[in-house]
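Try each task yourself before you read its solution.

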Amino acid sequence: MKQKIMLRTPPSEIVFKGMKFLILDRPTDATMVTFIEELKRKKVTEVVRVCEPTYKTDILEKHGIKVLDWQFDDGFPPPAKIVHDWFALLRTRFNNEENADCFVAVHCVAGLGRAPVLVAIALMELGMEYEDAVELIRQKRRGAINAKQLSYLKEYRAKNRLRGSKQCCIQ
């Protein structure tokens, strides 16, 4: 019997105004089966990979999960193009009633910097104050978001780019 290898850090669910995010650390060959099981359990159809590619995506694609490579530098905020693409993905994913119980997954190496910042920006675009977004994420991922990223979030000005999305109650 093959032993099931657990992920290093459990995935973190962030749910706000009808949008569901799953923040994870990067899978390895040893954890890929568990990674895929978790994604399928949360009905994930896209994984946003914001770190350097270290695993092949073909096995995920065989399971109907598309990997979007939006790499940016560790410890820094995302470039404008990635933020734009992130919002486009979220609007597409969460404007469809069929996807009401689906999550969008995002991961970096440890799930503590780049991935949480993207989720924080989305929360802010949905109306959450930056302090509350950071606190919510840190409750689920201790040590998330470094000082440089925190400064970026403090200066970030939401432009209501996700407010037109289908929204339900705050969970």
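**Exercise 1.** Decide whether F16 is buried or exposed.

*Solution.* Keep in mind that you're looking at a predicted model. F16 has a relative accessibility of 8%. Buried means under 20%, so F16 counts as buried. To spot this residue, look in strand β1, which covers residues 12-16.

**Exercise 2.** Work out what kind of aromatic pair F21 and F94 form.

*Solution.* A ring pair is described by the distance of the centres and the angle of the planes. The structure holds three aromatic pairs. For F21 and F94, the centres are 6.3 Å apart and the planes make an angle of 65°. An angle over 60 degrees counts as edge-to-face, so that's the label for F21 and F94.

F21 sits in strand β2 (residues 19-25) and F94 in helix α3 (residues 80-94), so the pair links parts of the chain 73 residues apart. F21 is buried at 0% relative accessible area, and F94 is buried too, at 2%.

**Exercise 3.** Find which residues form the negative surface patch around E131, and say how exposed E131 is.

*Solution.* The patch is made up of E129, E131, D132 and E135. E131 belongs to helix α5, residues 130-140. With a relative accessibility of 42%, E131 counts as partly exposed.

Note on methods. Residues numbered from 1 in each chain as written. Predicted model: local features only at pLDDT ≥ 70, side-chain atom pairs only at ≥ 80, totals over all residues. Heavy atoms only, no water. Patch = residues over 30% accessible without salt bridge, like charges linked within 9 Å, V, L, I, M, F, W, Y side chains within 5 Å. Areas by Shrake-Rupley, 256 points an atom, 1.4 Å probe, with all protein chains shown as cover. Salt bridge = Lys/Arg side-chain N within 4 Å of Asp/Glu carboxyl O. Lys, Arg positive; Asp, Glu negative; His and termini not counted. Charge placed at Lys NZ, Arg CZ, Asp CG, Glu CD. Helix = DSSP H or I, 4+ residues; strand = E, 2+ residues; numbered from the N terminus. Buried < 20%, exposed > 50% of the residue type's maximum accessible area, 1.4 Å probe, protein only. Phe/Tyr/Trp six-rings, centres within 6.5 Å; stacked < 30°, edge-to-face > 60°.
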